[in-house]
Amino acid sequence: MYKRSREEYERACQYLPGGVNSPARAFSSVRQQPLFIDRAEDSRIYDIDGNEYIDFVSSWGPMLFGHCQQDVIAAVADQLKRGTSFGAPTIVETEMAAEIVELIPSVDRVRMVNSGTEATMSALRLARGYTGRDKVIKFTGNYHGHGDSFLIKAGSGPATLGLPDSPGVPEELARLTISVPYNNKDYVEKVFQEQGEEIAAVILEPVAANMGVVPPRDNFLEFLREITEEYGTVLIFDEVITGFRLAPGGAQQYYGVEADLTCLGKIIGAGLPVGAYGGKEEIMDEVAPVGPVYQAGTLSGNPLAMAAGYQMMKLIQQEGVYDRLEDKSSYLASGIKKEISKLEIPCSINRVGSLISLFFTGTEVVDYQTASSSDTELYADYFQGMLKRGIYLAPSQFEAMFVSLKHSQEDLDTTIRAAGEVLQEISKG
Ligand SMILES: *Cc1c(COP(=O)(O)O)cnc(C)c1O
C-alpha cells in the first residue's frame, strides 16, 4: 500500500537528515514512515502509490480553501510568466500589505518575510529594540518557529531563568527567555512583579495550536493586554496559525483583544513561503530603513508569493466564509464526540473555529501539562487506523486538524464514521 513511499523514503534518507526537510513530517511519533505526496486537489491529497486521502493537515494550515484553489493558481501562473523575483519593489507587495492593514486593526504597517520563524524572530528583535529591554515571556507548549530565543524550556520557578531546549542554543541567550504555563495568570503576574521592568515582550499563540488546540481561558488575553500595558511591554500575538483562520482579523478580532505586534505565516502565503510581522506605526517605524532595527530579506515580498497571498486575502473576505467553516468544523467535532461517548475511552476534544484536537486523555486540556497527559501510543493507533481508511491526519498528538471549505458533507461523514470504527478498535485493545 505504501511501497513506493517506503522506497523513496529510504532514498531520501541518504541525502536529507531523516529523509525530510522539517521534523514534523517524519511520522516518527506514529510508528510509520512518511508518505510521499504526488499531488492534491480540493480536500484530497494523493500519495505516489496512488492512494487517495481526505486531507486534514492542509499543509499545516494554509489550505483554507482546499488545494489548487483556482484563483491562487491563476495568479501565480500569471506572475510566473513575468518573472519570479526582481529584488526590487512590485505593486503587488503594496496591495497585499494594504489588505492586511485593512483586515487587522492593530496593524498600521507590515513587513513581509519568508516564514513564520522569520516573522517571530524579527518581531522579537523589534520589541527589544523598541523597548531597550532584553527579556521575553513565552508560554510552555507554544511554538514560535525555531528561533534561538523560542527553543527554551522552563526553569523550576517564576524567578528562574529559561534553559536551552535544543543543543546549539546558547545558555546566555536562553536566560533571557522566561517560559510560563499557558493560561496561568498568577504565574505571569509573579514574573512581572519580580522583573517586569526588564521584559521587552510577551509572545503567545492567542489560541495555542502546537500542543494540540488549547483555547485561552478566563480572559487570559485581556489579562495579558492589561499587564503588558502597565509595564510598557510589547504584546506579540503569534497568529501564524490563527491569522485568517478564526476570522478575517485573526484571533484579535475573534476575542476582541488587540496586540502591539502581530506575526503571520501559513495562510498568508496560500501555500507559498511567506511570513509577515506588523503593528502600530510607532513600533514599526523602528524597522530599517526608517529606523535602526535591522531586518532584511533577498526574497521577502517575492512576487509569486505575494500574488498567491493577495488572492487569499480576497478569498477570505467573501461572504459567509467563516460561518461555513464554523458549521463544518462544529459538525465534525460533535460527530466525533458522539462516537467517543459510545465507548469507554478517555478522550477530550478541544475546538476553536476550524482548529480541532482529539486528545487521548480523560482530563480537560488547558495547558502543556494537561496536554502531555495524553496517551501518544493510542494516538499512534488512531492515526494508523485513520490512514488505512483514507483519512490523512497530523502525524502527532500535539497538532490540530485543519478543516477547509473544501471538506464536503460527505468528507465529514466519512471521517466521523472512520473515527467511530477506529476508536472502537482501540477501545477493544
Ligand atoms: C508554524 C508556526 C510557526 C513557524 O512558521 P514556519 O513558517 O514553519 O517557520 C510559528 N508560529 C506558529 C504559531 C506556528 O504554528
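**Entry 1: the negative patch**

I began with Glu189, which lies in helix H6. The model I consulted is a predicted one. Next I asked which residues form the negative surface patch. I found Asp186, Glu189, Glu226 and Glu230 in it. I also noted which helices supply the patch: H6, covering 185-195, and H7, covering 220-231, each give at least two of its residues.

I turned to Asn183, placed in the loop between strand E8 (177-180) and H6. Its phi is near 65 degrees, a positive value in a residue that is not glycine. Is Asn183 buried or exposed? With a relative accessible area of 15%, Asn183 is buried; the cut-off for that word is under 20%.

I then looked up Asn219, which lies in the loop between strand E9 (199-204) and H7. Asn219 is not glycine, yet its phi is positive, near 55 degrees.

In the loop between E9 and H7 I also found Val207. Its relative accessible area is 0%, so I recorded Val207 as buried. I checked one distance from this residue: the C-alpha atoms of Val207 and Ile426 are separated by 29 Å, and the two residues are 219 apart along the chain.

**Entry 2: strand E8 and its partner**

I examined which way the side chains of E8 point. Thr177 and Ser179 point one way, Ile178 and Val180 point the other way, and all of them are buried. I then looked up how E8 is joined to strand E5, residues 135-139. Four bridges join the two strands, which run parallel. For Ile137, I noted that the bridge partner in E8 is Ile178.

**Entry 3: a three-stranded sheet**

I asked in what order the strands of the open sheet stand. The order is E13-E14-E16, and the pairing is antiparallel. Strand E13 (348-352) and strand E16 (401-402) are at the edges; each has a single partner strand, so one side of each has no neighbour in the sheet. Strand E14, residues 355-359, is joined to E16 by two bridges, and these strands run antiparallel. Within this pairing I located Ile356, which stands opposite Met401 in E16.

I recorded a general point before the search: side chains of opposite charge can pair when their charged atoms come close. How many salt bridges does a search of the whole structure find? The search finds 19.

I followed Arg225 to its salt bridge with Asp260, in which the closest N and O atoms are 3.0 Å apart. Arg225 lies in helix H7, whereas Asp260 is in the loop between helix H8 (250-255) and strand E11 (261-264), so the pair ties together parts that are 35 residues apart in sequence. Both Arg225 and Asp260 are buried.

The side chain of Asp260 also meets that of Lys280 in a salt bridge, at 2.8 Å from N to O. Lys280 is in the loop between strand E12 (275-279) and H9, and Asp260 is in the loop between H8 and E11, so this pair ties together parts that are 20 residues apart in sequence. I compared the accessibility classes of the two residues. Lys280 is partly exposed, with a relative accessible area of 31%, whereas Asp260 counts as buried at 7% relative accessibility.

I then asked which residues are linked in the network of salt bridges. The network holds Arg225, Glu229, Asp260 and Lys280.

I looked up Arg351 and found a salt bridge to Glu326, with the closest N and O atoms 2.8 Å apart. Arg351 lies in strand E13 and Glu326 in helix H11, residues 321-341, so the pair ties together parts that are 25 residues apart in sequence. Arg351 counts as partly exposed at 28% relative accessibility. Glu326 is partly exposed as well, with a relative accessible area of 30%.

**Entry 4: a cis peptide bond**

The peptide bond from Ala288 to Pro289 is cis, and its omega is near 10 degrees.

Definitions and conventions:
Residues numbered from 1 in each chain as written. Predicted model: local features only at pLDDT ≥ 70, side-chain atom pairs only at ≥ 80, totals over all residues. Heavy atoms only, no water. Patch = residues over 30% accessible without salt bridge, like charges linked within 9 Å, V, L, I, M, F, W, Y side chains within 5 Å. Areas by Shrake-Rupley, 256 points an atom, 1.4 Å probe, with all protein chains shown as cover. Salt bridge = Lys/Arg side-chain N within 4 Å of Asp/Glu carboxyl O. Lys, Arg positive; Asp, Glu negative; His and termini not counted. Charge placed at Lys NZ, Arg CZ, Asp CG, Glu CD. Buried < 20%, exposed > 50% of the residue type's maximum accessible area, 1.4 Å probe, protein only. Pairing = 2+ DSSP bridges.
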